[in-house]
Amino acid sequence: MELPGIKNINTPNLLPKDGEVEFNSHFIEADHLQELIEQTKWTQDKMNMFGKVVDLPRLTAWYGDPEASYTYSGITNNPLAWTPLLLNLKKEIETYTGSEFNSVLLNYYRDQSDHMSWHNDDEKELGHQPVIASLSFGEPRLFQFKHFEDKTIEKISVSTEGGSLIIMRGETQKYWRHRIAKTSLPMGPRVNLTFRKISV
Ligand SMILES: O=C(O)CCC(=O)C(=O)O
Ligand SMILES: [Mn+2]
């Protein structure tokens, strides 16, 4: 299912320059939404917003190899041990991408008000030109890219249907920010898995 006004096209590169974002709208047939909601040890993290401590607008969890600890928005995460499902999904994505991952950040967007603001994943633990593979289950949400400097380029939008995969490579994190936009359309749950390789 696509969001109104968005026509998804499978493409080796969504970006016109300065990075690579591969989009595959039907990477996986199986729907693991309920399993992931129920089996994941979700955490409600906090963030600092204009001097106030508030809840992050989504739930998160971090799984991976024991040594793959990671600092994200000022929070240090020690990974939980891989579940069989997460390990299987990791292997499928490794085979498809030809890249290796040692951890996964899970994001649980409970409804339309959960979101993720503009950011780039350029933490030093991810290394130079990281490959980040982002797999989605559940409701489609608007995933957008915005160039850091070149204001003549319009935002690029895809809808992350259940089973779709976005792979960010090359200079993407250096030149582009991305987000999951808030929406006024009523939305059910969505779970997203971003596979990463943390240097240890
Ligand atoms: O939920 C998504 O698709 C995006 C997740 C993301 O950008 C992140 O975890 O850094
Ligand atoms: Mn990100």
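Leu 15 counts as buried because it has 20 C-beta neighbours inside 10 Å; the cut-offs are 20 or more other C-beta atoms within 10 Å for buried, 12 or fewer for exposed, and partly exposed in between, with C-beta atoms placed from the backbone. This is a predicted model, in which local features need pLDDT of at least 70 and side-chain atom pairs count only at pLDDT 80 or more, while totals for chains, interfaces and linings use all residues. Residues are numbered from 1 along each chain as its sequence is written, and chains are lettered from A and ligands numbered from 1 in the order in which they are written.

- You'll find Leu 15 in the segment before S1; strands here are DSSP runs of E with at least two residues, helices are runs of H or I with at least four, and both are numbered from the N terminus.
- Leaving aside neighbours within four places in sequence, Leu 15 is in contact with Glu 20, Val 21, Phe 145, Ile 156, Thr 172 and Trp 176. Contact means that the two C-beta atoms, placed from the backbone, lie within 7 Å.
- Take Thr 172 from that list: it sits 157 residues from Leu 15 along the chain, yet their C-alpha atoms are separated by 8.6 Å.

**The six-strand sheet**
- One open sheet has 6 strands in the order S1-S12-S9-S14-S7-S4, with antiparallel pairing. Two strands pair if DSSP finds at least two bridges between them.
- At the edges are S1 (20–24) and S4 (59–64), and each of them pairs on one side only.
- Neighbouring strands of this sheet are turned by 15 degrees against each other on average, direction ignored.
- What holds strands together in general? Strands of a sheet pair through backbone hydrogen bonds, either parallel or antiparallel.
- S1 and S12 pair in the antiparallel sense over 5 bridges, and Phe 23 stands opposite Ile 166 in S12.
- On to the next pair: S9 (residues 132–138) and S12 (residues 165–169) are antiparallel over 4 bridges. Here Ile 132 faces Met 168, and Ala 133 has Ile 167 as its bridge partner.
- S12 is mostly covered, with 4 of its 5 residues buried.
- Helix H2 (residues 84–97) lies across S4, S7, S9, S12 and S14 (190–196), and runs at about 130 degrees to S9. For such angles, axes are lines fitted to C-alpha atoms (for helices, over the stretch in contact), and values run from 0 to 180 degrees between N-to-C directions.

**The nonpolar core**
- Which residues touch the most other members of the largest nonpolar core? Of its 39 residues, they are Val 21, Val 104, Leu 106, Ala 133, Leu 135 and Ile 166. Such a core is a set of buried Ala, Val, Leu, Ile, Met, Phe, Trp, Tyr and Cys residues joined through C-beta atoms within 7 Å.
- Strand S7 (residues 103–109) gives the largest share of this core, 5 residues.
- Not counting residues up to four places away in sequence, Ala 133 touches Ile 93, Thr 97, Phe 101, Leu 165, Ile 167 and Phe 195.

**The four-strand sheet**
- Another open sheet has 4 strands in the order S8-S13-S10-S11, and the pairing is antiparallel.
- S8 (116–119) and S11 (156–159) are its edge strands, each with a single partner, so one side of each is left without a neighbour in the sheet.
- From one strand to the next, the twist averages 15 degrees.
- S8 and S13 are joined by 2 bridges, and Met 116 has Ile 180 as its bridge partner in S13.
- Phe 145 stands opposite Ile 156 in S11 and also opposite His 178 in S13.

**Around ligand 1**
- The surroundings of ligand 1 include Leu 105, Asn 107, Met 116, Asp 121, Ser 134 and His 178; a residue is near a molecule if its C-beta atom, placed from the backbone, lies within 6 Å of it.
- S7, S9, S13 (176–180) and S14 each supply at least two residues of this shell.
- The shell divides into 4 nonpolar, 7 polar and 1 charged, where Ala, Val, Leu, Ile, Met, Phe, Trp, Tyr, Cys and Pro count as nonpolar, Asp, Glu, Lys and Arg as charged, and the others, Gly among them, as polar.
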